[in-house]
Amino acid sequence: MIVPVVNKILLSVVLPPGVMGPRDEDEEFYLRYYVGHKGKFGHEFLEFEFRPDGKLRYANNSNYKNDTMIRKEVYVSNAVVSELKRIIEDSEIMKVCCFIGSFLFG
């Protein structure tokens, strides 16, 4: 039996207005990345989330060989959050997301 695999990728980034300009260390920042599918082994996914308070949450769910979900939480420093903001700004992913959103939703 062939099971169709549907991949879903979700990237949520909340940056305050003017984030492409000089960075303010006190601005709120939220990033969530999710990729997953439902297939032969059920709902398998990888997800991580950076919260405004510096908490990094990670989850990995795979039922391959009856594996269990892995969940981890840590706090990261302001330097890590600043570097993550810089990577997102340099990648210009927000321009692509905005273009796709305006293309899909008018």
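R57 counts as partly exposed, at 32% relative accessibility; that label covers what falls between buried (under 20% relative accessible area) and exposed (over 50%), using a 1.4 Å probe and protein chains only. R57 also pairs up with E73 in a salt bridge. Keep in mind that this is a predicted model, where local features need pLDDT of at least 70, side-chain atom pairs count only at pLDDT 80 or more, and totals for chains, interfaces and linings use all residues. Residues are numbered from 1 along each chain as its sequence is written, and side-chain values use heavy atoms, with hydrogens and water left out.

**The overall layout**

- The protein chain has 5 strands and 2 helices, both being DSSP runs numbered from the N terminus: H or I with at least four residues for helices, E with at least two for strands.

**Inside and outside**

- Of the 106 residues in the protein chain, 25% are buried.
- The protein chain exposes about 7900 Å², and 59% of that comes from carbon and sulfur atoms; accessible areas come from the Shrake-Rupley method with a 1.4 Å probe, and for residues only the protein chains shown count as cover.
- Take the contacts (heavy atoms within 4.5 Å) in the protein chain with a separation of 6 or more: 31% of them link residues 24 or more positions apart.

**Salt bridges between strands**

- Side chains of opposite charge can pair when their charged atoms come close.
- A search of the whole structure turns up 6 salt bridges, each being a side-chain nitrogen of Lys or Arg within 4 Å of a carboxyl oxygen of Asp or Glu.
- In the R57 and E73 pair, the closest N and O atoms are 3.8 Å apart.
- R57 sits in strand 4 (residues 55-61) and E73 in strand 5 (residues 70-75), so this pair ties together parts that are 16 residues apart in sequence.

- E83 and R86 meet through their side chains in a salt bridge, at 2.5 Å from N to O.
- These two are 3 residues apart in helix 1 (residues 78-91), so about one helical turn separates E83 from R86.
- Both ends are partly exposed: E83 at 36% relative accessibility and R86 at 30%.
- R86 has another partner, D90, with a salt bridge of 2.5 Å, N to O.
- R86 and D90 are 4 residues apart in helix 1, again about one helical turn.
- D90 is exposed, with a relative accessible area of 51%.
- Elsewhere, salt bridges that share partners join E49, K55, R57 and E73 into one network.
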